[in-house]
Amino acid sequence: METSAVQENIAIWHERIQEASGKWGGAEICAVSKTVPAEIVNQAYGAGIRILGENRVQEMLGKMDALNPGFEMHVIGQMQTNKVRQIVGKVSWIQSLDRLELAREISRRCTAAGVTMNALVEVNIAAEPQKGGVPPEGLLDLLRQSSQMPGIAIRGLMAVMPLAEDPETVRPYFRKMRGWFDRIRDMDMENVRMDVLSMGMSGDCLVAAQEGATMVRLGRAIFGPRTQK
């Protein structure tokens, strides 16, 4: 894809998302760069993208040196505990904190390195057995326990919605996530900040924005169809 096409896609989707999320104050784009070469990803920086989301730690590490250093790196895929040591000091955020075992490892590694990791707690809002994320009934307990661990800054929530041809069918799940986000923010939990609600991808981002996402994760909408390696 030519630079102009990447820039055009970003401009189009930025406008659509801001319009859809107007009553909430706007939503930021996290560009999902899975399988996209670094030279193409860097074109997004020139079009105003500042947050990159990567699903796979190994792929991210393999191209990180070639990426514009101005990008803020987010891990958005399910995290294995044995991968945490590889990303401490290299990424700013983990969007997929979903269990205490992972929180403990993040805390241990970050404390040893003298850094703090921003984290979003991933919620399996649709109770899909094949997906990661804490079930809603376990969310408050995970928040309370992980927020007391040194080296972790809880900054909000994340969710991956069920695949749907019609994004309207998943609107209720987006609405539930915004409900949890507002409820937890109003609880004023110690060491928990509700700054970011990351939900919505290329196929359903406009519905997500309408329902209160503060961040949407776009891959195909920006970079075109994904090529499999």
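**Reading the fold of a predicted model**

Mentor: In this predicted model, the protein chain holds nine helices and eight strands.

Trainee: What makes the protein chain agree with a compact globule?

Mentor: A compact globule of 229 residues would have a radius of gyration near 17 Å, and the protein chain has 17 Å, so the two agree. Along the principal axes, the C-alpha atoms fill a box of roughly 45 × 40 × 30 Å.

Trainee: How many of the residues are buried?

Mentor: Of the 229 residues, 54% are buried, the cut-off being under 20% relative accessible area. The chain exposes about 10700 Å², with 47% of that supplied by carbon and sulfur atoms.

Trainee: Why is the largest set of 70 residues called a nonpolar core?

Mentor: The name applies because such a set consists of buried residues of the listed kinds, Leu and Ile among them, joined through side-chain atoms within 4.5 Å. Leu 157 and Ile 184 have the most contacts inside this core.

Trainee: What does Leu 157 touch, leaving aside neighbours within four places in sequence?

Mentor: Its contacts include Leu 120, Val 123, Phe 181, Ile 184 and Ser 198.

Trainee: Among contacts between residues at least 6 apart in sequence, how many join residues at least 24 apart?

Mentor: The share is 60%.

Trainee: How many positive and negative side chains are there, and where do their centres lie?

Mentor: There are 27 positive and 27 negative side chains, and the centres of the two sets are 4 Å apart.

Definitions and conventions
Residues numbered from 1 in each chain as written. Predicted model: local features only at pLDDT ≥ 70, side-chain atom pairs only at ≥ 80, totals over all residues. Heavy atoms only, no water. Buried < 20%, exposed > 50% of the residue type's maximum accessible area, 1.4 Å probe, protein only. Contact = heavy atoms within 4.5 Å. Helix = DSSP H or I, 4+ residues; strand = E, 2+ residues; numbered from the N terminus. Rg over C-alpha atoms; globule rule 2.2 N^0.38 Å. Areas by Shrake-Rupley, 256 points an atom, 1.4 Å probe, with all protein chains shown as cover. Lys, Arg positive; Asp, Glu negative; His and termini not counted. Charge placed at Lys NZ, Arg CZ, Asp CG, Glu CD.
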